[in-house]
Amino acid sequence: MTEVFINGLGLIGSSLAQAIKQKDSQIKIVAADLNQHALEYAKKQKIIDEAVGSLRNAATADFIILATPVDQIIKSLHQLSKLSLKPGTIITDVGSTKQQIVAAAKTLPTQVTFISGHPMAGSHKTGVTAGRANLFENAFYFIVAPNASQVAIVKLQNLLQQLHVKWLELTPEQHDRLVGQISHLPHIIAAALVNQTQQAFINSPLGMRMAAGGFKSITRIAAADPTMWSAIFQTNATIIADQLRAYQAELTKIRQAILVADQKTIYNFFASAKVSRDQLGPEKIGGLPGFYDLFINIPDRVGSIADVTRILAVKKINLVNLHILEIREEIDGILQLTFMNEKSRAAAKKILNEQHYQVITRK
């Protein structure tokens, strides 16, 4: 029997456990967490098979998954290096930074393999109760394994097969610079905008209550777990500080242009951003798999969204995601539907047009 030990049963750890159980219910999952209620819930819901007190109980595991904040992952790796682990054990983590984690893993005994991982999916919800087996579906899952064999990497991927992710191997440096720009910096920007807006409306409660549309979209990630993000910034400080300085320079540039009414600079600021944003997609970034969207005008009435999803379900067209865009004041709203490939998007467009929905494709 394969035994998997998971240290940390928050959103990510719980979701991984559920996906592993879906793949093979015979896999034994043992878990540790500082939150006793999380362990009790996971055991009651049969997310795990056994709850234990600490990493010391991981000695018999075939796979060890570290699913705690980054600073705790580093401490856990040092703890594991002092244990007598089963030969051939594969240890992995789900941390959002890699250079310090990979460095800490060098203390592990030679009879085990370390494969650092990072699923690029999550939720503003936290805790074991927020976990779900399909949390990572169609998301990128980064693999950082400079010293691991391809055989070991495939073993880990087979264990996590039910995640239905897109695997991508990177170096620790590539990973930290990439996620710093596209994940860590946006979280700072979102949190700063919320804090600044809160202060701007400190004497006008109506202001925050009226926030919708673009404001909600750009600040959604500000609701993420502050404990987790504090740990992330401790372990990627130099890169994030450098990227933050570059972002501040962009703000300074546009601020000065606004003050002197430099319309050409202001126009170019937005035009350049639009061109770059429009280029996001699989055909623009070296063929990496991505998503395909449809935008639909739907009436603001009960059952509209349910009718669209029912039509797609009847035709067995797989829908990856849907999102209501709160950006208009007309009677109708805009529903964004996301598909995994062009074939599904084209089929959805055809059937929804036949059902008299106004569909607009975005290239």
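A: Let's start with what T235 touches: V70, I74, T97 and Q100, leaving out residues up to four places away in sequence. Contact here means heavy atoms within 4.5 Å. T235 sits in the loop between α9 (226-234) and α10 (237-259). Those labels come from DSSP runs, numbered from the N terminus: helices are H or I with at least four residues, strands are E with at least two. T235 is buried, with a relative accessible area of 7%. Buried means under 20% relative accessible area, exposed means over 50%, and partly exposed is in between (1.4 Å probe, protein chains only).

Before going on, a word on the ground rules. This is a predicted model, where local features need pLDDT of at least 70 and side-chain atom pairs count only at pLDDT 80 or more, while totals for chains, interfaces and linings use all residues. Residues are numbered from 1 along each chain as its sequence is written, and side-chain values use heavy atoms, with hydrogens and water left out.

Back to T235. Its side chain makes a polar contact with the side chain of T97, at 2.7 Å. A polar contact is a pair of N or O atoms within 3.5 Å; within protein, one must be able to donate a hydrogen and the other to accept it, and residues adjacent in sequence count only if both atoms are side-chain atoms. A polar atom of the T235 side chain also lies 3.4 Å from the backbone oxygen of A231.

One of the residues T235 touches is V70, and V70 brings us to helix α3 (residues 70-80). This helix lies across β1, β4, β5 (90-93) and β6 (113-119), and runs at about 150° to β4. For that angle, axes are lines fitted to C-alpha atoms, for helices over the stretch in contact, and angles run from 0 to 180 degrees between N-to-C directions.

Now for the sheet itself. It is open, with 8 strands in the order β3-β2-β1-β4-β5-β6-β7-β8 and mixed pairing. β3 (50-52) and β8 (166-169) stand at the edges with a single partner strand each, so one side of each has no neighbour in the sheet. Strands β1 (residues 3-7) and β4 (residues 63-66) pair in the parallel sense over 4 bridges; two strands pair if DSSP finds at least two bridges between them. Within that pair, I6 has I65 in β4 as its bridge partner.

Follow α3 onward and you reach another threonine, T89, in the loop between α3 and β5. T89 counts as buried, at 1% relative accessibility. A polar atom of its side chain lies 2.6 Å from the backbone oxygen of K86, and one lies 3.0 Å from the backbone oxygen of A61. Beyond four places in sequence, the residues T89 touches include F63, I64 and T113.

Finally, how far can you trust the picture? The mean pLDDT of the chain is 88, and 92% of its residues reach 70 or more; pLDDT is the predictor's confidence in each residue, from 0 to 100. Over residues 282-289, though, pLDDT stays under 50, and the model has 12 contacts there beyond four places in sequence. Residues 326-332 are also below 50. Where pLDDT is low, the predicted coordinates should not be read in detail.
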